[in-house]
Amino acid sequence: MTSIIERPEAEAPATPKKGGGITGAAANYLDERTSISAVVKEFGRKIFPDHWSFMLGEVALYSFVVIILSGTFLTFFFQASMVETHYEGAFVPLKGVEMSAAMDSALHISFDVRGGLLVRQIHHWAALLFIASIGLHMLRVFFTGAFRKPRELNWMIGFVLFVLAMAEGFTGYSLPDDLLSGNGLRIIDGLIKGMPVIGTWTSFLLFGGEFPGTSIVGRLYTLHILLLPAILVAFLALHLVFVVVHKHTQFAGPGRTEKNVIGYPILPVYAAKAGGFFFLVFGVIALMASFFTINPIWNYGPYDPSPVSAGTQPDWYIGFADGALRLIPPGLEFVWLNHTWSFNIIIPVIALVLLLLFVFIYPFVEGWVTGDKREHHILDRPRNAPTRTAIGAAGVTFYAALWAAASSDLMATHFQLSIEGVIHVVQAWAVLGPFIAYFITKRVCIGLMKKDREIVLHGYESGRIVRLPGGEYIEVHEQLDDYERWKLVDYESFEPIMLRPNSRGKITPTMRLRSAMSNWFFEDRIAPASRTELEAAHGHGHADAVTSGTPARGQLEDPTGGNTHH
Amino acid sequence: MARRSRKANRRHPLATVLLIAIGLVVTGGGYAAFSSTTAATAETDTSSQQVIDEGEKLFASNCATCHGMSLQGTDDGPSLIGVGAASVDFQVGTGRMPLAMQGPQAMQKPVQFTDEQTAAMAAYVASISPGPAVPDESLLQADGDAANGGELFRINCAMCHNVAGAGGALTEGKYAPELTGVLASHIYEAMLTGPQNMPVFNDDNLTPEDKRDIITYLKYVENNPSPGGFELGNLGPVAEGLFAWIFGLGAIIGLMVWLTAKSN
């Protein structure tokens, strides 16, 4: 890490030294006993680059803080017990209805605890935002290549956080023991029971007997408020430590290299900004919670295994799993060796695990294909890594298909379609969509790179037509300034690996695979405009040596000798 | 001479006008009295032959094409023998009948007949063969036990109509409609007659009091807005997820762009 030098553009403000009154005295007292000033100095001068998309992780962090604050309040009143009781609270349509103590206390929080419903809704909306912002943060990191060395491990930690967040969400969703959460648990129970051989045993172990039993809420509660948050906080801390150790990535720009970070220091800029941003995020969540109902358990009623409501869906982050179950065609279940083999469950589960696994290890896949062992602190623009961007687009399309399938019934009723038709369309989308998205995205990226190259070499059309003294007409091309041009040429172009025998004179299958993968990644590429090309395009007395102008424009430009349209 | 002759005249000059006015009042008033008597009869006595005849005419011109001249049904529509007045009141009273076109199921559309005409057709259909009658007003007041109704609703109805009565999808383009804004009488008749794809909940299955409780629950949900704020269509986690992504995260990204724009 010694190779990275932080050079702030802005002069860091001088911290007040002596004579600061009581604040100064207190600070001095602390410093003399803890030597904390070294830490403050180090962290205060830490530089972060400025780009809106770099704040997505912050949103996740802040919504997590909101979740912890509101969740703590809820634990004061929630009873994680499935003891049977009769509701006697304020909500009339449930008066006298038999339910578990968990549901009873969740209703008590909603109707009888002062501010309880608001806090419940804050907790739930914040949870939805938490996972949504993690998802967007991961997409940002993926599409800009921020997962490359040295950040592969942090990508994996982040992925673990994503999975933990989903687990937190699901265990929380299941706690109130209302009809919706019970239906969700029943689906999970089905997934577990669908596992060959061990499924039924696992289900009985988890639920303490036949579903639903009387212990699952207590167990989920322990997971939800103790185990999962503890692991989550530990990984979150590790994630942030790595952000500090690696320093933040930045987009290409003049003066920005792999060895520096250009931006603003934490003190005072980001301390103020981030602190303010926390309250903005909290504010947005509080507004949502104040005005919009979420998870109206009083409508759903207590859980009872017999009723299943129409429109039963999981929260959005589990939707892709629900959708996978809806998309799998029927007829995949059979009895063999006296066991039921539910491939209608096993296949979706395997597909989901493979999808997540691929996300988990992607940094290593790409690192192996490129053979690139260097550190990267300058981000890629998505278009400049067409194959990666196309893979990402394919993954997003596949995920979106599964996600959409989870609301197939709502699409059917709201657009007056048949639910079978919706399912068949989404099935086709899940299978063909990723390929279509891959090819379109790759072509769009390459097209954009060509456009960038064209702009770098020839400038952009200004629309200003000038008549020369000789009578000919030219269109004036505006040239980019050096700062703008830098952003368009500062990227790397990889070339496919040549298949060469190794030191023992052999070509192994692994080498063949790697070469094939490398070809797949980098066969279609647009190299950035080189210095020579730039000089050729802009130098005096040279004709436009570069391709890709239409003939008509070529005719306009060529007679000018290549220099009049500067 | 002129004065005398006028005095001797037995009739006042305005007598003709008065006579015409009296005549008009008597005939018009008589007509009005007569027609209001018929209207009153239509409401109270659905079995009066006059009403049944009126219903028969309406049936012949609006329904018989598909259901047959003697309710026997055709290839295009089912037999109506034994469906009862309740069924007619539901199907015609919610605008589902007459059908605009064949499809997965009859769509709700603007009602085409007045209440009297609907009642006349119901009386006609009921007169051919007995069937479930239009429910008594006392069961439609939404004054029963909402808690019992809610429990019955979750067990019997929610799998198609959704726990909050927001509706849901069935197979092959059929669907269970939304239950908000539906008249209590139509809810009752639907349970009683099982229109379209809905099963019949007869009085042995759900007693009239149970049906009243279910109506009470639905009307409670409809008339008491959610304590949590806007309901987002009562569609559950899908609507909530879309809202969180589009408006929640959308607003936050807007703030992020604003925050980073200010520094430059």
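Let me start with Gly194(A), which sits in the loop between helix H7 (179-193) and helix H8 (199-207) of chain A, where helices (H or I, at least four residues) and strands (E, at least two) are DSSP runs numbered from the N terminus. What we are looking at is a predicted model, in which local features need pLDDT of at least 70, side-chain atom pairs count only at pLDDT 80 or more, and totals for chains, interfaces and linings use all residues. Residues are numbered from 1 along each chain as its sequence is written, while chains are lettered from A and ligands numbered from 1 in the order in which they are written.

Is Gly194(A) buried or exposed? Gly194(A) is buried, because 22 other C-beta atoms lie within 10 Å; the cut-offs are 20 or more such atoms within 10 Å for buried, 12 or fewer for exposed, and partly exposed in between, with C-beta atoms placed from the backbone. Setting aside neighbours within four places in sequence, Gly194(A) is in contact with Gly199(A), Ser342(A), Ile345(A) and Ile346(A), contact meaning that the C-beta atoms, placed from the backbone, lie within 7 Å.

Next, a pair of helices in chain A. Helix H5 (residues 116-143) and helix H6 (residues 152-174) of chain A pack at an angle of about 160°, with their axes 10 Å apart; axes here are lines fitted to C-alpha atoms, for helices over the stretch in contact, and angles run from 0 to 180 degrees between N-to-C directions. That angle makes H5(A) roughly antiparallel to H6(A), since the word applies to angles over 145 degrees, with under 35 counted as roughly parallel, 65 to 115 as roughly perpendicular and the rest as oblique. Among the residues that meet are Phe130(A) and Ile134(A) from H5(A), and Leu161(A) and Gly169(A) from H6(A). By class, this contact has 11 nonpolar, three polar and no charged residues, where Ala, Val, Leu, Ile, Met, Phe, Trp, Tyr, Cys and Pro count as nonpolar, Asp, Glu, Lys and Arg as charged, and the others, Gly among them, as polar.

Finally, the two chains together. In chain B, 52 residues are in contact with 57 residues of chain A. Which element gives the most to that side of chain B? H11(B) does, with 17 residues, and the side as a whole divides into 31 nonpolar, 16 polar and five charged residues. UniProt, in an unreviewed entry, lists residues 242-261 of chain B as "transmembrane region", though such annotations may be inferred rather than shown by experiment, with positions in the numbering used here and feature names shortened. In the model, that span is 100% helix and 0% strand, and its end C-alpha atoms lie 27 Å apart.

Key. Contact = placed C-beta atoms within 7 Å.
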